[in-house]
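Please read the following briefing alongside the sequence and the coordinates. It begins with charge pairing and then turns to the fold, to individual residues and to confidence.

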Amino acid sequence: MSTNEELIGRTDINDLEAILSITNTEVDAVAHEVKANYDTIFTWDYAKGARPKLNRLYEKAKTSMWNGETDLPWDTPVDQEQVVVANAIGMSGSLTGGVDVSGTPFAKWSDQDWINFGCESQNWTLSQFMHGEQGALICTARIVETVPWIDAKYYAATQVMDEARHVEVFAKYLDTKLSGHYPINAHLRLLLDDIIADSRWDMTYLGMQIMVEGLALAAFGFIHQLTTEPLLKQLLKYVMSDEARHVAFGVLSLQDYYQQLSTAELKDRQEFAFEAATRMRDRFLQQEVFDRMGLPVKEVLSLVAQSPERLVFQQMLFSKIVPNLKKLGLLDAGAKPGQPGWLRKRFEELGVIQFEDWADTGEEYEMFQLANGATSAA
Ligand SMILES: [Fe+2]
Ligand SMILES: [Fe+2]
């Protein structure tokens with residue numbers, strides 16, 4: 001059985017020093033290579049609809065395409081500072097998030113410092129979404145090659161197009177409406193590298209479709225509700241209508257496949273899911289933002305990590321992942337009767353097991369559909 005040290009490089013999941021020791025050392029690079037060695041599979045079985053649920057998703061995807069250039073109101077003026085203030089007031093009634101900051105490095109911050117922080121935080125968040133979207137673009141192009149079933153190759157091809165559009169719209173929003181980019185967060189990059197480097201086709205699905213996209217769907221939903229900026233709201237609504245289908249694609253494809261795997265093979269998948277969950281949680285600490293704001297990162301993060309709002313947000317990010325992993329049977333695979341499963345115990349430690357009975361995305365993706373087709377959505 002693998003230890004935490006082997007899976008995530010540290011014994012204590014909450015070891016802040018170890019988390020912060022992982023940083024992006026290639027911040028000025030314009031390209032990043034990952035070596036991969038995998039089998040590309042041709043199939044000569046062209047019987048469309050052999051997997052009816054995937055076929056249905058494919059047919060839906062074909063009629064749900066939208067155009068990032070023409071379907072979004074790019075002429076909406078965005079005053080980022082005003083948006084930061086409006087969002088903060090809307091959420092907690094004050095710029096400081098309603099937290100008592102006396103005795104902390106934040107105590108001497110002016111209103112303008114808080115506004116600058118809000119802008120940097122937004123630049124960081126949308127930059128990481130953009131990088132994650134590129135990860136999805138690359139992973140689904142890989143799935144077209146490696147998945148053995150024609151219905152899945154067809155569907156994955158539509159997702160490649162969706163992801164190109166998502167990278168495009170996040171990049172355009174960052175370039176034309178916000179005030180700067182951030183390089184990819186080191187924890188997110190490690191996770192994407194691990195997914196890409198794995199030669200087993202179902203690991204691309206598990207890492208990307210279930211873990212990264214499950215988290216993105218939850219995070220987009222949270223920001224969609226919270227933001228007062230109408231263009232971003234619309235952009236996220238469009239992106240989410242695609243993402244829900246993508247997560248469903250993961251659940252529907254892996255469900256059957258996992259039933260044929262041995263306990264040892266499922267254990268590998270459980271460990272991979274735990275590693276991915278931890279890396280995603282670590283990335284949300286936003287260490288680069290505090291660094292750019294000139295704050296002592298470790299001191300500040302030990303405060304931030306304990307804030308109740310942060311904990312709720314962090315846990316909520318797993319609200320799609322946990323029920324989907326349950327549906328795939330990974331929470332309790334390999335457990336002795338009456339005993340909790342390995343992944344269930346890990347998720348208890350991460351404080352996210354309470355989501356296990358929430359709706360899984362294999363079922364709920366139709367809820368996210370845009371009304372009357374993509375282009376007519378309000
Ligand atoms: Fe996407
Ligand atoms: Fe996606």
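In this predicted model, a network of salt bridges links Lys326, Asp332, Arg344, Glu356 and Asp357, where a salt bridge is a side-chain nitrogen of Lys or Arg within 4 Å of a carboxyl oxygen of Asp or Glu. The structure holds 22 salt bridges. Because the model is predicted, local features need pLDDT of at least 70 and side-chain atom pairs count only at pLDDT 80 or more, while totals for chains, interfaces and linings use all residues; side-chain values use heavy atoms, with hydrogens and water left out. Residues are numbered from 1 along each chain as its sequence is written, and chains are lettered from A and ligands numbered from 1 in the order in which they are written.

**Salt bridges**

- Side chains of opposite charge can pair when their charged atoms come close.
- Arg200 meets Asp198 in a salt bridge at 2.9 Å, N to O, and Arg200 also forms a salt bridge with Asp268, where the closest N and O atoms are 3.2 Å apart.
- Asp268 lies in helix α10 and Arg200 in the loop between α7 (186-197) and α8 (201-226), so this pair ties together parts that are 68 residues apart in sequence; helices (H or I, at least four residues) and strands (E, at least two) are DSSP runs, numbered from the N terminus.
- Asp198 is buried at 12% relative accessibility, whereas Arg200 at 32% and Asp268 at 33% are partly exposed (buried means under 20% relative accessible area, exposed over 50%, partly exposed in between, with a 1.4 Å probe and protein chains only).
- Arg279 and Glu275 form a salt bridge at 3.6 Å, N to O, and, being four residues apart in helix α10, they are separated by about one helical turn.
- Both partners count as buried, Arg279 with a relative accessible area of 9% and Glu275 with 14%.

**Overall fold**

- The secondary structure of the chain comes to 16 helices and zero strands.
- The radius of gyration of the chain is 21 Å, which agrees with the value near 21 Å for a compact globule of 378 residues; the radius is taken over C-alpha atoms, and the globule rule is 2.2 Å times the number of residues to the power 0.38.
- Along its principal axes, the C-alpha trace spans about 65 × 50 × 40 Å.
- Of the 378 residues in the chain, 56% are buried.
- Among contacts (heavy atoms within 4.5 Å) between residues at least 6 apart in sequence, 83% join residues at least 24 apart.

**Individual residues**

- Gln286, in the loop between α10 (263-283) and α11 (287-292), has a positive phi of about 60 degrees although it is not a glycine, and Gln286 is buried with a relative accessible area of 7%.
- Asn4 belongs to helix α1 (residues 4-8) and, leaving aside residues up to four places away in sequence, touches Gly9, Arg10, Thr11, Ile13 and Phe274.

**Confidence**

- The chain averages a pLDDT of 89, and 97% of the residues score at least 70; pLDDT is the predictor's confidence in each residue, from 0 to 100.
- Among the elements of the chain, helix α6 (residues 150-177) has the highest mean pLDDT (98) and helix α16 (residues 361-364) the lowest (69).
- Over residues 372-378 the pLDDT is below 50, and this stretch has 13 contacts in the model beyond near neighbours in sequence.
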